[in-house]
Amino acid sequence: MDMEPPYLNPKRMLFVYGSGDGSDTPARENPGMTAQGGTEPPKGRPKDPRVDAALLDAAIEVLNESGWAAFTTTAVARRAGASTASLYRRWPSKQALAGAVARHIALDELGGIDTGSLEGDLRELLSSKRRILENTTGPALLSLMGQAPHDEELRRILHDDVYAVVRDQLETLITQAVTRGELQNPLDASRLDVLTLVLVGATVARSVFLTRPGEVDADTVETELHLLLAALPRGGVSGG
């Protein structure tokens, strides 16, 4: 197995010395070692979630620092102090790794919103989007979106891991509002698609034409909120 050499990263040294069996178990802690020094047959290849986290963090760092052009699986594995074999066991390409980064960012911020009102939910959704841009994850996500039109595999992955995540979350908020009686009917699919594109597209357009990621203020969030509310069928009329 092609292993990366050990990198002297004291925070991530746990993942450097692989056991050689394709698992994430360090050699000195390999449960397959017997008292006589032999090895028992491997029982599957368990994945260590700490390695997943280290690789995702490293991928975000590489994207932020160097952009897509320098985003390679070797660079990410080296930064994480892991082997390229461990990385490829999780993601078969750098596009798949990028998709995992995007999904991690989106789900970490956008999931689980329920403030008790539609207006509060949408405000929190927009505030979460703002936090994504203000955090270290912002440049990484924008770098991936900028590359997507030139890379079909990445475009498809980001559709599933960013667009679909945002769409699902928006649909969940609309469903909650219908359950509370704030809206009489859910949105139809075409209107939900357009509102999702507005949410995602405004983020990209603002970063390109108007502001740096950390310069989105509260007034901008409120303006976007009122435009979203105006687009929703509040009077019991189904979107269509």
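Visitor: Is Ser207 buried, partly exposed or exposed?
Guide: Ser207 counts as partly exposed, because its relative accessibility is 24%; buried means under 20% relative accessible area, exposed over 50%, and partly exposed in between, with a 1.4 Å probe and protein chains only. Please keep in mind that this is a predicted model, in which local features need pLDDT of at least 70 and side-chain atom pairs count only at pLDDT 80 or more, while totals for chains, interfaces and linings use all residues. Residues are numbered from 1 along each chain as its sequence is written, and side-chain values use heavy atoms, with hydrogens and water left out.

Visitor: Which helix does Ser207 lie in?
Guide: Ser207 lies in helix H8, residues 189-209, where helices are DSSP runs (H or I, at least four residues) numbered from the N terminus. Between Ser207 and Leu142 the C-alpha to C-alpha distance is 8.1 Å, although they are 65 residues apart in sequence.

Visitor: New topic: what does the side chain of Asp151 make a polar contact with?
Guide: The partner is the side chain of Gln95, at 2.9 Å; a polar contact is a pair of N or O atoms within 3.5 Å, and within protein one must be able to donate a hydrogen and the other to accept it, while residues adjacent in sequence count only if both atoms are side-chain atoms. Asp151 lies in the loop between H6 and helix H7 (152-180).

Visitor: And which side chain of opposite charge is nearest to Asp151?
Guide: That is Lys94, 6.4 Å away, and Asp151 is buried yet has no salt bridge, a term that requires a side-chain nitrogen of Lys or Arg within 4 Å of a carboxyl oxygen of Asp or Glu. For charge, Lys and Arg count as positive and Asp and Glu as negative, whereas His and the chain ends are not counted.

Visitor: How many salt bridges does the count come to?
Guide: The count comes to 15 by this rule. One of them joins the side chains of Arg103 and Asp161, at 3.5 Å from N to O. Arg103 lies in helix H4 and Asp161 in helix H7, so this pair ties together parts that are 58 residues apart in sequence. Arg103 is partly exposed at 34% relative accessibility, whereas Asp161, at 15%, is buried.

Visitor: Which residues are linked in a network of salt bridges?
Guide: The network links Asp114, Asp121, Arg180 and Glu182.

How values were computed:
Helix = DSSP H or I, 4+ residues; strand = E, 2+ residues; numbered from the N terminus.
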